[in-house]
Amino acid sequence: MTDFDYIATAQRTLTIEAEAVTELKNRLGEEFVTACELIIHCKGRVVVTGMGKSGHIGKKMAATLASTGTPSFFVHPGEASHGDLGMITPNDVVIAISNSGNTSEVVTILPLIKRMQTPMISITGNPQSTMAKAAVVNLDISVKEEACPLGLAPTASTTATLAMGDALAVALLEAKGFTAEDFAFSHPGGALGRRLLLKVEDLMHKGADIPSVTPTTLVKDALLEVTRKKLGMTAIVDEQKGLIGVFTDGDLRRVLDNETDFHATAIKDVMTSPGVRCQQGILAAEALNIMETKSINGLFVVDENDQVVGALNMHDLLKAGIM
């Protein structure tokens with residue numbers, strides 16, 4: 001084992017990088033506003049480019065923009081010189097990233113971007129660089145020092161660039177009024193997409209699968225309905241299918257404690273009224289919140305006239321991956 005102080009080095013690294021990000025706040029001004037306006041009014045897509053570590057940050061930046069409502073993709077500057085420049089159109093906006101601002105692979109394609117009259121935003125640590133001067137606007141991500149003690153490995157500078165990209169993406173997100181549902185459409189395959197896209201009507205039991213009885217039904221017959229439909233509850237409905245009460249496993253325990261005569265008692269005398277319900281248009285995640293708040297395992301779904309159109313329980317939500 002070595003006596004080297006790993007913790008001290010890590011703490012110094014985090015301090016340097018945190019300061020680099022904090023200092024960006026004082027540089028946000030008209031340049032940042034101009035960059036946002038260029039992107040907001042872009043009729044094409046945002047094309048991000050950068051070499052080396054800047055390229056890696058650029059890929060993440062493009063992905064974040066794309067998932068938050070700003071169509072975007074990454075183009076490698078070296079490949080751009082060998083045909084991929086055709087991906088860029090005059091309707092696009094280019095974001096070019098380089099700490100030095102003089103990366104040769106990016107500088108090589110600047111005249112062609114200019115010739116197409118595609119507006120460019122540069123993100124550099126050198127406002128006097130070739131890239132910064134060629135851009136419509138430059139976002140300054142210069143740092144006092146890199147966390148690397150040799151001053152060679154991009155560390156604080158790439159962290160600052162990443163943070164500036166996030167600042168752009170979030171500012172654009174809010175300016176566009178981008179919603180959680182919009183976000184879900186970009187993430188349909190994961191748990192987030194399921195929580196934000198699935199509605200109660202997509203999961204609920206319908207038609208003959210809905211457990212329901214009338215108010216005069218005897219408790220013993222209501223229990224048979226609960227057993228048949230396997231949802232642990234039944235709705236008590238009027239002649240128009242309006243929900244007037246529910247009977248659940250919890251109500252059954254209460255009835256047993258009171259030694260109620262199942263063969264002589266009508267369900268209306270032991271039901272819970274009016275019963276918890278939800279509208280069919282709400283998200284399944286909202287239904288889950290209702291169940292958790294009310295400490296219940298199921299609820300009935302009603303339409304605008306309070307008529308029962310579905311039934312849902314915790315198992316349905318668990319099976320759908322909402323929980």
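Me: How much space lies in the second largest pocket?

Reply: In this predicted model, about 180 Å³ of space lies in the second largest pocket.

Me: What makes a residue part of the lining of that pocket, and which residues lie nearest its centre?

Reply: A lining residue has an atom within 4 Å of a point of the pocket. The second largest pocket has 17 such residues, and Ser-54, Asn-99, Ser-100, Pro-154 and Ser-157 lie nearest its centre.

Me: Which elements each supply at least two residues of this lining?

Reply: They are α3 (53–67), β3 (93–98) and α7 (156–176), and α7 gives the most, with 3 residues.

Me: How many residues of each class does the lining of the second largest pocket have?

Reply: There are 6 nonpolar, 9 polar and 2 charged residues in it. Gly is counted among the polar residues, so any Gly in a lining belongs to that class.

Me: What is the volume of the largest pocket, and which residues lie nearest its centre?

Reply: The largest pocket has a volume of about 330 Å³. Its lining is made of 19 residues, with Thr-248, Asp-249, Ile-296, Asn-297 and Gly-298 nearest the centre.

Me: Where does the largest share of the lining of the largest pocket come from?

Reply: The largest share, 4 residues, comes from α12, while β8 (243–248), α12 (249–257) and β10 (298–302) each supply at least two.

Technical notes
Residues are numbered from 1 along each chain as its sequence is written. This is a predicted model: local features need pLDDT of at least 70, side-chain atom pairs count only at pLDDT 80 or more; totals for chains, interfaces and linings use all residues. Side-chain values use heavy atoms; hydrogens and water are left out. On a 1 Å grid over the protein atoms alone, a cavity is a set of points where a 1.4 Å probe fits but cannot get out, and a pocket is an open set with protein on both sides within 12 Å along at least five of seven lines; lining residues have an atom within 4 Å of a point. Grid points are joined across faces, edges and corners, and a volume is the space filled by probe spheres set on the points.
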